[in-house]
Amino acid sequence: MSYEDRDTYGMYKNYDEKGPGPRLMGADTLIGNDVYNQKDEDLGDIKEIMLDVNNGRIAYAVLSFGGFLGIADKLFAVPWSALKLDTVNKRFLLNVEKKSLESAPGFDKDNWPNMADPTWQNTVHSYYGTKPY
């Protein structure tokens, strides 16, 4: 499902390249958006958006991948800077092979990591080739 389908307030109804379209978006419209790679492989969907409230920035999108009907899904915190919005297909792109995502640092829905831990942050940013802000 795309961000336009979740637009309960009509934010994107009159999107004309001036806003509040893909440059400024409502966070609740992004939850559930599909994430694909450049090979058009489905990598999962966004389950949560993690805000760094001290710095006023989006830190991570939590991506769900694997499993069946939500059972045994593995979660991944993907640095926000690693995602690119595909406005044509109304989804996000992540430059990672589907096979390599299986070995990415992830976690279980019942055992979230301390995302404020600098060691954990460095591991995640290193994996995706991004720099912490």
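Okay, let's start at one residue: Lys-131 has a relative accessibility of 75%, so we call it exposed. Bear in mind that this is a predicted model.

Where does Lys-131 sit? It's in the segment that follows helix 3, and that helix covers 118–128.

What do we have in the way of helices and strands? Three helices and six strands. Reading from the N terminus, the order goes α-β-β-β-β-β-β-α-α.

On to overall dimensions. The C-alpha trace spans about 40 × 35 × 25 Å along the principal axes.

How about the inside? Of the 133 residues, 38% are buried. And if you take contacts between residues at least 6 apart in sequence, 45% of them link residues at least 24 apart.

Then the surface, for those of you thinking about solvent. The protein exposes about 8200 Å², with carbon and sulfur atoms supplying 50% of that.

Last item, charges. How far apart are the mean positions of the positive and negative charges? We count 15 positive and 20 negative, and their mean positions are 4 Å apart.

That's my tour, so over to you.

Terms used:
Residues are numbered from 1 along each chain as its sequence is written. This is a predicted model: local features need pLDDT of at least 70, side-chain atom pairs count only at pLDDT 80 or more; totals for chains, interfaces and linings use all residues. Side-chain values use heavy atoms; hydrogens and water are left out. Helices (H or I, at least four residues) and strands (E, at least two) are DSSP runs, numbered from the N terminus. Buried means under 20% relative accessible area, exposed over 50%, partly exposed in between (1.4 Å probe, protein chains only). Contact means heavy atoms within 4.5 Å. Accessible areas come from the Shrake-Rupley method with a 1.4 Å probe; for residues, only the protein chains shown count as cover. Lys and Arg count as positive and Asp and Glu as negative; His and the chain ends are not counted. The place of a charge is taken as NZ of Lys, CZ of Arg, CG of Asp or CD of Glu.
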